[in-house]
Amino acid sequence: MESLTTEEGNSNGGGGGGGFLANCREQLRWALDRLIISSRGTAVGFVGKLAKIARDDPRRVAHSLKVGLALTLVSVLYYVTPLFNGWGDSVIWAVITVVVVMEFTVGGTLSRGLNRTIATLVAGFLAIAAHMAANLCGEKGEPILLGVFVFLVGSAATFSRFIPELKARYDYGVMIFILTFTMVAVSSYRVDELLEFAHERLTTVAVGVTICLFTTVFVFPIWAGEDLHNLAADSLEKLAEFLEGMESECFRENSPCENLEGKAFLQVYKGVLNSKVREDSLCTFAKWEPIHGKFRFRHPWGQYQKLGALCRQCASSMEALASCVVVLKKSQYPEANPELCLKLRGTCGAMSLHSAKALRGLSLAVRTMTLPCQTNDMSTAAKAASDFRTQLSEDAALLQVMHVAVVASLLSDVVIQIERITESTSKLARLARFTNPERPPSAVVINVED
């Protein structure tokens with residue numbers, strides 16, 4: 001009886017153990033399937049993100065390939081035995097130079113390359129001079145004097161990085177100067193052939209910079225000047241798009257004026273507000289670039305910054321206008337004087353429409369580098385804004401529809417900003433010698449007296 005019970009218990013235990021193992025295998029299989037599906041989804045999403053980045057700006061692909069090409073070219077210094085024997089381990093500085101100098105635009109690469117070359121040259125000569133001066137103090141005095149030189153030069157060069165004008169264009173060069181001077185000056189105490197060491201460092205850096213410049217300028221060049229030029233035209237287009245949306249969605253008769261918060265035109269000005277950092281960077285790099293395309297020597301790059309500042313001021317006024325329109329739509333003020341409200345809406349619509357047309361014309365003129373056409377759109381918008389301001393100061397009836405009058409007042413401020421933008425664009429066209437669209441380029445005559 002006992003043996004029968006034991007066998008039965010073993011039988012039940014074995015069956016339970018087998019079921020537990022089967023359950024574990026099933027859960028493991030399910031976990032692996034989930035992991036494979038999740039990994040596949042992550043990979044597909046990552047590839048899709050890469051494809052979107054490439055589609056947004058195909059030049060990013062070209063830049064990546066150019067960096068790979070430059071690194072391949074500089075690696076030849078390692079592969080060719082005579083070149084490697086001539087420089088030795090200093091060849092690594094050429095590789096490092098390619099990595100840190102290559103930038104997206106030609107101007108960025110030129111800026112970093114020239115800064116690095118000049119800084120290395122000046123720092124090398126100064127470090128050798130410091131070594132010679134310290135060597136005169138004997139074996140005990142040499143490290144002390146070298147330490148004093150490193151302290152003075154490092155402190156002075158670091159402080160110079162706080163100068164705004166120097167930091168804007170030469171900050172990278174000053175940093176390389178500090179690094180090179182310190183390395184050569186400190187190494188001079190242990191290195192016997194200091195001149196050879198400094199020469200190898202300078203020549204390998206020069207080779208790396210040369211490879212970077214060759215690759216950047218002659219293989220699918222990306223010019224910072226063109227990007228800055230297009231950025232100015234895009235900013236004008238975005239301002240025009242905002243005003244067109246205001247005219248069609250808010251001020252036009254029987255306009256829906258509903259769900260304004262979800263309208264795309266109310267967000268376009270934000271791209272102009274956030275353009276300062278990119279604009280300043282492109283302007284700095286554009287000043288380093290040689291003549292290319294329609295951009296001549298001493299092109300007025302600084303005028304683009306002035307135009308951009310005016311566009312951001314206008315975008316700031318548009319932000320206030322957009323906020324006011326959205327708030328008024330939510331509040332749904334009663335119209336105490338429907339006829340006057342309708343008249344003001346017509347005035348706002350005219351100001352918006354004519355100002356948008358003027359901005360579109362300015363954007364086209366900048367993009368095609370032609371003189372802006374003299375149209376009546378801006379004068380019409382300015383006259384409407386002036387008439388409204390006169391009426392606002394004289395007509396007490398506007399107090400009854402102050403919620404509409406506030407919108408019209410903000411819009412008139414926008415019109416004034418656009419007048420300044422028009423003047424700045426005309427000045428840019430004059431300084432950059434944009435062509436006259438009414439005459440062929442060959443017929444353009446430059447007045448010597450100007």
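In this predicted model, aspartate 171 and lysine 167 form a salt bridge, with 3.7 Å between the closest N and O atoms. Both residues sit in helix α7, and because they are 4 residues apart there, about one helical turn separates them. The two partners fall into separate burial classes: aspartate 171 is buried at 17% relative accessibility, while lysine 167 is partly exposed at 44%.

**Salt bridges**

The whole structure contains 11 salt bridges. Side chains of opposite charge can pair when their charged atoms come close. Another of these pairs is arginine 312 with glutamate 279, whose closest N and O atoms are 3.2 Å apart. Arginine 312 belongs to helix α12 and glutamate 279 to helix α11, so this pair ties together parts that lie 33 residues apart in sequence. Arginine 312 and glutamate 279 are both buried.

Arginine 59 and aspartate 57 also join their side chains in a salt bridge, at 3.1 Å from N to O. Arginine 59 is partly exposed, with 29% relative accessibility, whereas aspartate 57 is buried, with 14%. These two residues belong to a network of salt bridges that links Asp57, Arg59 and Asp227.

The three pairs described above are listed here.

| Salt bridge | N to O distance |
|---|---|
| Arginine 59 and aspartate 57 | 3.1 Å |
| Arginine 312 and glutamate 279 | 3.2 Å |
| Aspartate 171 and lysine 167 | 3.7 Å |

**A buried lysine without a partner**

Lysine 66 lies in helix α2, which spans residues 59-79. Lysine 66 is buried but takes part in no salt bridge. The nearest side chain of opposite charge belongs to glutamate 289 and is 9.9 Å away. A salt bridge requires a side-chain nitrogen of Lys or Arg within 4 Å of a carboxyl oxygen of Asp or Glu. Leaving aside residues up to four places away in sequence, lysine 66 touches Met102, Thr215, Thr216, Val219, Phe220, Pro221 and Ile222.

**Packing of α5 and α7**

Two packed helices are described by the angle between their axes and the distance between the axes. Helix α5 covers residues 106-135 and helix α7 covers residues 164-187; they pack at about 35 degrees, and their axes are 7 Å apart. The crossing of α5 past α7 is right-handed. On the α5 side, the residues that meet α7 are Ser111, Arg112, Asn115, Arg116, Ala119, Thr120, Val122, Ala123, Gly124, Leu126, Ala127 and Ala130. Their counterparts in α7 are Arg169, Tyr170, Tyr172, Gly173, Ile176, Phe177, Thr180, Phe181, Val184 and Ala185. Sorted by class, the contact between α5 and α7 consists of 13 nonpolar, 6 polar and 3 charged residues.

Asparagine 135 is also in helix α5. Asparagine 135 is partly exposed, and its relative accessible area is 46%. The C-alpha atom of asparagine 135 is 9.0 Å from that of leucine 146, a residue 11 positions away along the chain.

**Loop residues**

Phenylalanine 220, one of the residues touched by lysine 66, is in the loop between α8 (194-218) and α9 (224-251). Phenylalanine 220 has a positive phi of about 45 degrees, although it is not a glycine. With a relative accessible area of 62%, phenylalanine 220 is exposed.

Arginine 298 likewise has a positive phi without being a glycine, here about 60 degrees. Arginine 298 occupies the loop between α11 (276-286) and α12 (301-331). This residue, arginine 298, is exposed, with a relative accessible area of 72%.

Asparagine 376 is located in the loop between α13 (338-368) and α14 (377-394). Asparagine 376 counts as exposed, at 62% relative accessibility. From asparagine 376 to lysine 357 the C-alpha distance is 9.8 Å, and the two residues are 19 apart in sequence.

**The chain overall**

The secondary structure comprises 15 helices and 0 strands. Of the 450 residues in the chain, 39% are buried. Among contacts in the chain with a separation of 6 or more, 78% are between residues 24 or more positions apart.

Technical notes
Residues are numbered from 1 along each chain as its sequence is written. This is a predicted model: local features need pLDDT of at least 70, side-chain atom pairs count only at pLDDT 80 or more; totals for chains, interfaces and linings use all residues. Side-chain values use heavy atoms; hydrogens and water are left out. Axes are lines fitted to C-alpha atoms, for helices over the stretch in contact, and angles run from 0 to 180 degrees between N-to-C directions. Helices (H or I, at least four residues) and strands (E, at least two) are DSSP runs, numbered from the N terminus. A crossing is left-handed if the near helix is turned anticlockwise from the far one by less than a right angle, and right-handed if clockwise. Contact means heavy atoms within 4.5 Å. Ala, Val, Leu, Ile, Met, Phe, Trp, Tyr, Cys and Pro count as nonpolar, Asp, Glu, Lys and Arg as charged, and the others, Gly among them, as polar. Buried means under 20% relative accessible area, exposed over 50%, partly exposed in between (1.4 Å probe, protein chains only). Lys and Arg count as positive and Asp and Glu as negative; His and the chain ends are not counted.
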